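Here are my notes on the model you sent over. I've kept them to a few points to read alongside the picture.

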Amino acid sequence: MDDLVLTGTLALIAFFAIIIASILGLLFFFFWLWSEAGAGNYGSILLSILAIIIAICAYTGAGYYLLVKGWI
């Protein structure tokens, strides 16, 4: 029983650490985006938005591929 409690506790710690890191990453990204827009450096903003769009397309494409193969 102690192993189950320890495993659950570690899983919750990792889960909340990932959530906190994600929130901090988003805050850093938006702070960076705001400062780049204020500096007038729109090229890096467009490149970051393009990278996000490419990542979304790759994720969607992988999902469709797995769906067609019947793996999900």
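This is a predicted model: local features need pLDDT of at least 70, side-chain atom pairs count only at pLDDT 80 or more; totals for chains, interfaces and linings use all residues.

In which helix is Leu47 found?

1. **Leu47.** The answer is helix α2. Leu47 is exposed: its relative accessible area is 58%, and the cut-off for that label is over 50%. Going along the chain to Ala58, eleven residues apart from Leu47, the two C-alpha atoms are separated by 16 Å.

2. **Ala62.** Helix α2 is also the place of Ala62. With a relative accessible area of 38%, Ala62 counts as partly exposed, because that label covers values between 20% and 50%.

3. **Overall make-up.** The protein has two helices and zero strands. Its radius of gyration is 19 Å, well over the 11 Å that the globule rule gives for 72 residues, so the protein is more spread out than a compact globule. The box filled by the C-alpha atoms, taken along the principal axes, is roughly 60 × 35 × 10 Å.

4. **Surface.** Buried residues account for 4% of the 72 residues.

5. **How the helices meet.** Helix α1 covers residues 2-39 and helix α2 covers residues 42-69; their axes come within 8 Å and cross at roughly 145 degrees. The crossing of α1 past α2 is left-handed. On the α1 side, the contact uses Phe29, Trp32, Leu33, Glu36 and Ala37, while α2 brings Tyr42, Ser44, Ile45, Ser48 and Ile52. Sorted by class, that makes seven nonpolar, two polar and one charged residues.

6. **Glu36.** Leaving aside residues up to four places away in sequence, Glu36 touches Asn41, Ser44 and Ile45. Ser44 and Ile45 are also among the α2 residues listed for the helix contact. Tyr64, by comparison, is 28 residues from Glu36 in sequence and 35 Å from it in space, C-alpha to C-alpha.

Technical notes. Residues are numbered from 1 along each chain as its sequence is written. Side-chain values use heavy atoms; hydrogens and water are left out. Axes are lines fitted to C-alpha atoms, for helices over the stretch in contact, and angles run from 0 to 180 degrees between N-to-C directions. Helices (H or I, at least four residues) and strands (E, at least two) are DSSP runs, numbered from the N terminus. A crossing is left-handed if the near helix is turned anticlockwise from the far one by less than a right angle, and right-handed if clockwise. Contact means heavy atoms within 4.5 Å. Ala, Val, Leu, Ile, Met, Phe, Trp, Tyr, Cys and Pro count as nonpolar, Asp, Glu, Lys and Arg as charged, and the others, Gly among them, as polar. The radius of gyration is taken over C-alpha atoms; the globule rule is 2.2 Å times the number of residues to the power 0.38. Buried means under 20% relative accessible area, exposed over 50%, partly exposed in between (1.4 Å probe, protein chains only).
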